[in-house]
Amino acid sequence: MNPKLIRYAERIIAILLSALVLFFLGVRAMHAGPLWRDEAATVQLAQLPMLSDIVANFQHEAFPPPFPLLIRTYVALFGASDASLRWFGFAIGVTLIAAAWFSSRALGDRGPLAFLALFGLNATFLIWGTSIRGYGLGCVFLLLTTGLTAKAISQPTTANAVFATLASIASVQVMVNAIPLIAAIATAAFTVFIFQRRFRQATVVCACATICALSFLPYAKAYLSADWNVVLKYDADFFSLWDKFRLALEERSLLMAVFWYAAVPLIVVAAIWRWWTVRREKSSVETDLLLFLISVSALSIFTYYAFLKILSYATRPWYYLPLLCVVAGAIDLIGGMLAHLRWIKIARVLFAITALLFLPFTLWKSAHEPLTDIDVVAHKLEEEASPGDLIVVNPWHFAPSFYRYYHGSTPWITVPTMSEHRIHRYDLMKSKMMELDPLSDVRDAIRQTLQSYHRVWIVGGARPPEEDMPVSLGPAPNPYFGWAGYMAFWSIELGSFLNAHTIAGDVVIELAPDVNSNENIPLLVARGWRN
């Protein structure tokens, strides 16, 4: 095959892949719909009256203060409407594509073929990387850190070291999850310079990593002193984390997982083989870069696994976006470096063509899926609920999105009752868990409403009573369940109370077939009181 034709094909396919990703980003921006609870809480944190309020509460929404401050600035300039904020997510996606092209071109490649296929056309990125959270922007800076560090290794100038350090600082300022990946990138760069006995450059890497770590230090106390996060912790073992990681790869598409399982091992093995054959060539830029990128691919997995083990949260697909971004970025740069080998060049082009032809069909539904139906529920309540009725939001963590969209006159409470509805206050939840009877005020409010011949609306529904259910879990931690299971128990307790004391009930809004399962909310109504 003509080498010039292959080079031309690489550029054209990379442009087509970029255009395809841009197309889906646009579709997503127009169809993602209302903000779900995590997004609503982020925006409402950014809109707190005083900047000191943001600094005092940022740890409740996972991202360091610079991200909510960025959202605050964006809202001040462009407004806080759903449409405006969805185009913020679109802009982050466009920036990520630009960062991928920059990194690819910085090392002399013709375009980020593998990155666009593995990450740009991944439903996890399309849904969660464009949401109003810090993951998308954090991935932009992580990708730039990877590319700029690679450039600094191939061209060890002061400017390149400074730019790589600035990108790494930006990543940890936006997203806590970037810390283990920055550590992996720094360790990989350090390994390269030690291997080549370039101790001065190795010292520079340590200095840059230290500066990055120090930049995060002002936020460390807020995260480390948050004793309320015990309510989020569970026993995270390898298999549970792997299962969630697999879901992040396979979000709505087993085919995407096949692409990852095929491309990553093959490219890494080819890179190791190539490095082994040229490793004796002193001062070889190719050797240094291959060792760096292989190390980044491997170390990032181990450091991120250690991070998730220490965190011990019940992870969701978006937790793995930063890891997928770094691995895909490293794999893409390796593929570009190995493209001088004819069989690699041809395989890479065929891989990109296959992605271009088949992966779009797996994304269409994801691109159109709303993240919540809370706006529909809120609108229904504004139309039908009377001022004497009561709205009960179950569980309490739906409160931020309900707070954003409900503007009626009917009073509302959460299960359990909380004094703050704009953001997720797990410290308040912990306090409720430690009470002897945390739902007593909820039951009293429901009883008074029904006895006065008004209705009780249940946003989120309630779980039906179960046989052999204990009367109470008691104040947390429970001797058997620890801090786990309280929200599920409260929902069953609410369902049992309604089942025992209401005369009639109806489903007003059922689960929607086309809404994301993370916030697909039914609406029930209860009438009449019986003892």
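**Entry 1**

I looked up D227, and it counts as partly exposed at 49% relative accessibility. My cut-offs are under 20% relative accessible area for buried, over 50% for exposed and in between for partly exposed, with a 1.4 Å probe and protein chains only. The model is predicted: local features need pLDDT of at least 70, side-chain atom pairs count only at pLDDT 80 or more, and totals for chains, interfaces and linings use all residues. I number residues from 1 along each chain as its sequence is written, and side-chain values use heavy atoms, with hydrogens and water left out.

Which side chain meets D227 in a salt bridge? I found K430, at 3.4 Å from N to O. K430 lies in helix α19 (residues 426-433) and D227 in the loop between α11 (199-224) and α12 (238-249), so the pair ties together parts 203 residues apart in sequence. K430 counts as buried, at 15% relative accessibility.

I note two terms here. A salt bridge needs a side-chain nitrogen of Lys or Arg within 4 Å of a carboxyl oxygen of Asp or Glu. Helices (H or I, at least four residues) and strands (E, at least two) are DSSP runs, numbered from the N terminus.

**Entry 2: other salt bridges**

I count 23 salt bridges in the structure. I picked E39 and R86, whose side chains meet at 2.6 Å, N to O. E39 is in helix α2 (residues 37-46) and R86 in helix α5 (residues 82-106), so this pair ties together parts 47 residues apart in sequence. Are these two buried or exposed? E39 is buried, with a relative accessible area of 0%. R86 also counts as buried, at 5% relative accessibility.

I then checked E493, which forms a salt bridge with R443; the closest N and O atoms are 2.8 Å apart. The pair links distant parts of the chain, with E493 in helix α21 and R443 in helix α20, 50 residues apart. Both residues are buried.

I also noted a network of salt bridges that links E10, D109, K345 and R348.

**Entry 3: the sheet**

I traced an open sheet of 5 strands with mixed pairing, in the order β2-β1-β3-β5-β4. Its edge strands, each pairing on one side only, are β2 (412-414) and β4 (502-509). Ignoring direction, neighbouring strands are turned by 25 degrees against each other on average. I take two strands as paired if DSSP finds at least two bridges between them.

How many bridges hold each pair that I looked up? I list them here.

- β1 (residues 390-393) and β2 pair in the parallel sense over 3 bridges; I391 stands opposite W412 in β2.
- β3 and β5 run antiparallel and are joined by 4 bridges; V459 stands opposite L523 in β5.
- β4 and β5 pair in the antiparallel sense over 6 bridges; V507 stands opposite L524 in β5.

I keep one general point beside the list: side chains in a regular strand alternate between the two faces of the sheet.

**Entry 4: helices on the sheet**

I followed helix α21 (residues 486-501), which lies across β1, β3, β4 and β5 and runs at about 125 degrees to β4. For such angles, axes are lines fitted to C-alpha atoms, for helices over the stretch in contact, and values run from 0 to 180 degrees between N-to-C directions.

W490 is found in helix α21. W490 is buried, with a relative accessible area of 2%. What does W490 touch? Not counting residues up to four places away in sequence, I find V415, P416, M429, K432, M433, P438 and L439. Contact means heavy atoms within 4.5 Å. I also checked W490 against I97, 393 residues away along the chain: their C-alpha atoms are separated by 44 Å.

**Entry 5: a nonpolar patch**

I looked for nonpolar surface and found a patch of L254, L255, V258, L350, I353, L357 and F358, with about 620 Å² of accessible area together. The elements that give it two or more residues are α13 (254-278) and α16 (342-368). α16 gives the most, with 4 residues. L254 is found in helix α13, and at 57% relative accessibility L254 counts as exposed.

Patch residues have over 30% relative accessible area and no salt bridge; like charges are joined within 9 Å, and nonpolar side chains (Val, Leu, Ile, Met, Phe, Trp, Tyr) within 5 Å. Accessible areas come from the Shrake-Rupley method with a 1.4 Å probe, and for residues only the protein chains shown count as cover.
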